Amino acid sequence: MRAGGGRPPRAADMKKDVRILLVGEPRVGKTSLIMSLVSEEFPEEVPPRAEEITIPADVTPERVPTHIVDYSGNEYPLVGESANVICIVYAVNNKHSIDKVGVTFFSLLPLILVGNKSDLVEYSSMETILPIMNQYTEIETCVECSAKNLKNISELFYYAQKAVLHPTGPLYCPEEKEMKPACIKALTRIFKISDQDNDGTLNDAELNFFQRICFNTPLAPQALEDVKNVVRKHISDGVADSGLTLKGFLFLHTLFIQRGRHETTWTVLRRFGYDDDLDLTPEYLFPLLKIPPDCTTELNHHAYLFLQSTFDKHDLDRDCALSPDELKDLFKVFPYIPWGPDVNNTVCTNERGWITYQGFLSQWTLTTYLDVQRCLEYLGYLGYSILTEQESQASAITVTRDKKIDLQKKQTQRNVFRCNVIGVKNCGKSGVLQALLGRNLVRQKKIREDHKSYYAINTVYVYGQEKYLLLHDISESEFLTEAEIICDVVCLVYDVSNPKSFEYCARIFKQHFMDSRIPCLIVAAKSDLHEVKQEYSISPTDFCRKHKMPPPQAFTCNTADAPSKDIFVKLTTMAMYPEDHYRDRLSRDMGHTDRIENLRKIWVFLKTAFHARLRCMCTCNRCTFCICQNFLNSDLLQSVKNKIFTAVLNRHVTQADLKSSTFWLRASFGATVFAVLGFAMYKALLKQR
């Protein structure tokens, strides 16, 4: 493993620029150093102070703009706002300037000691400076240079850049000669992410992938072997089964830092999202993702493939479920345990209560739908963007189109549908949620109250398509909040054994959903118990008929096996095709008077057309009129009339229809057919007479 020739791939994570401040006693050569760097020759005349200069990014080794500030005052400045690295300049031939090195004034910033005028002496000042370097850990390095001979001028400012971009302080403790705990923790996470088969070692393929991701250059087979030989030489358990262990990985980075190549470690850390304080950056964890109103968020195919590989990586016993230890191992790359005990009652588990593969994907789907920012954060901890070589975790998310467009096109591309489950306390809502996970009443009674979940999510098949149905238990209240109304379908649950249970469902429906396009389904829970009459003005069945809803669905989870999933298929279907349900209820949007008036106009039109047809084909006006009137008032024709009214109600004729020429063409055609059939019956009656 080596630094390679390219710059770090995530240069955007680095500082935008570097500000270097040169301080020191008068006449030590601060201004000369700056002017020699800029003009590449020693100035014959040196001004009292050089103006601030800016070196463009494209001519610096680290590809960052660099600002150099000359300070020529008699006292040290307040540098916190004016610089992020300090070069303390002294003259190697002036012991007084060495003694006046004021390190304590700049203890919060990285420091570079600069011994100028090395061309005037034939000895090194390092022996004199070494005690100062050992005393102050803020000192990154010491450089001896000469402004006159241009010796080490470029190196001086390169080291200053490195002190800012690749500081030693957060990584290494010089006194103890080992890496700091925060650095060890970060590199351990990086090792676990890179160990894609989770066998505790980085094999050649994983090392090459790591090298390419971090440094854009693969390692030759011999170079890989050389790296492992270096580790074997220093620690006995650094290599196992021809793979680099965690101890070997940490040893290599310690070696880089000790040899002054800490930019290698910083390149790795920044590639995996860390900042100068060894915290994951907000830009890495929370990439920009725009979500317009009325749109939802789902995982796409690439995200599910990544989660599948993550599950397989930690399912060591291959039982298609994650045990508590396997789940704990998965979350070692997280700073905290993201899932609580309620997750086991939110998704599918096996008989031992362990999250299954389907449950694992369902929980991620739930998080993405309810809190996409949390999902992005979790994917960041798992290293999604690194392992999939994507720009960020945002590439794992699909933002669905506006729901209004789905309604207009009468089709949806969404895969996750939210159902709010509403009802009074103890009506059976929890049973509905757990039934979605395949749990009967016996299994539900084993759930601890403090582990209860108000969500449940599982897959449901509708017309051969796999969709996710998300159930949300809404607590009983007089009025629902706006957030509690937003959903794709509503499940109104009442207890058949509680006479006061249905009244709440009816009231909530009238308050919030009667005039909306959200489809509703009434579920008669605990249908295995004795059904009592509900204390409401009309029965649940009549209520559903009145409001053009499907009849109440009988449901119970008191079964020997898993409860029936019929209501979940129906709920998902209604959520997928809400416009069909809306058309069934559209007649409620028209006023009662308008509806009756429209039906009266249609019947008068049909009646007139039929009557006129008979009169024009009959030879006896009186007889025809009399028979025609009798026929029009007969029970047979009244029955046909009622059926026409019913058909019209089901077709939901609107004011727009009455103004449509297409509608009247259809009505005329129907009336003509009706008249011809009526005249045939009339002739048959005449023959009988």
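Two strands pair if DSSP finds at least two bridges between them. Helices (H or I, at least four residues) and strands (E, at least two) are DSSP runs, numbered from the N terminus. This is a predicted model, in which local features need pLDDT of at least 70 and side-chain atom pairs count only at pLDDT 80 or more, while totals for chains, interfaces and linings use all residues. Residues are numbered from 1 along each chain as its sequence is written, and side-chain values use heavy atoms, with hydrogens and water left out.

**Whole chain**

Start with everything shown. The protein chain has 28 helices and 21 strands. Of its 689 residues, 50% count as buried. Buried means under 20% relative accessible area, exposed over 50%, and partly exposed in between (1.4 Å probe, protein chains only). A contact means heavy atoms within 4.5 Å. Among contacts in the protein chain with a separation of 6 or more, 72% join residues 24 or more positions apart.

Go to strand 20, residues 520–525. Six of its six residues are buried. Cys520, Ile522 and Ala524 point one way. Leu521, Val523 and Ala525 point the other way.

Strand 19 runs parallel to strand 20, and six bridges join the two. Pick Leu492: its bridge partner in strand 20 is Ile522. Show helix 20 (residues 501–513) as well. Strand 19, helix 20 and strand 20 make a right-handed β-α-β unit. A crossover is right-handed if, with the strands pointing away from the viewer, the path from the first strand over the helix to the second runs clockwise.

On to strand 21, residues 553–554. Two bridges join strand 21 to strand 20, and the two run parallel. Val523 has Gln553 of strand 21 as its bridge partner. Helix 21 (residues 540–546) belongs in the view too. With strand 20 and strand 21, helix 21 makes a right-handed β-α-β unit.

Cross to strand 17, residues 455–462. Six of its eight residues are buried. Strand 17 pairs with strand 18 (residues 465–474) in the antiparallel sense, over eight bridges. Check two positions along the pair. Thr459 stands opposite Tyr468, and Val460 stands opposite Lys467.

**Asn440**

Select Asn440, in the loop between helix 17 (429–436) and helix 18 (441–444). Is this residue buried or exposed? Asn440 counts as buried because its relative accessibility is 8%. A polar atom of its side chain lies 3.2 Å from the backbone oxygen of Thr559. Leaving aside neighbours within four places in sequence, Asn440 is in contact with Cys557, Thr559, Ala560, Asp561 and Pro563.

**Nonpolar cores**

A nonpolar core is a set of buried Ala, Val, Leu, Ile, Met, Phe, Trp, Tyr and Cys residues joined through side-chain atoms within 4.5 Å. The largest has 76 residues. Those with the most contacts inside it are Ile190, Leu269, Phe272, Trp339, Phe360 and Trp364. Apart from this core lies another, of 52 residues, including Phe417, Ile474, Phe513 and Met549.

Centre on Trp339. Not counting residues up to four places away in sequence, Trp339 touches Leu327, Phe331, Ile355, Phe360, Gln363, Trp364 and Tyr378.

**Annotated span**

Finish with strands 9, 10 and 11. They form an open sheet in the order 9-11-10, and the pairing is antiparallel. The edge strands are strand 9 (201–202) and strand 10 (239–240), each pairing on one side only. Strand 10 and strand 11 (residues 243–245) pair over two bridges.

Terms used
A polar contact is a pair of N or O atoms within 3.5 Å; within protein, one must be able to donate a hydrogen and the other to accept it, and residues adjacent in sequence count only if both atoms are side-chain atoms.
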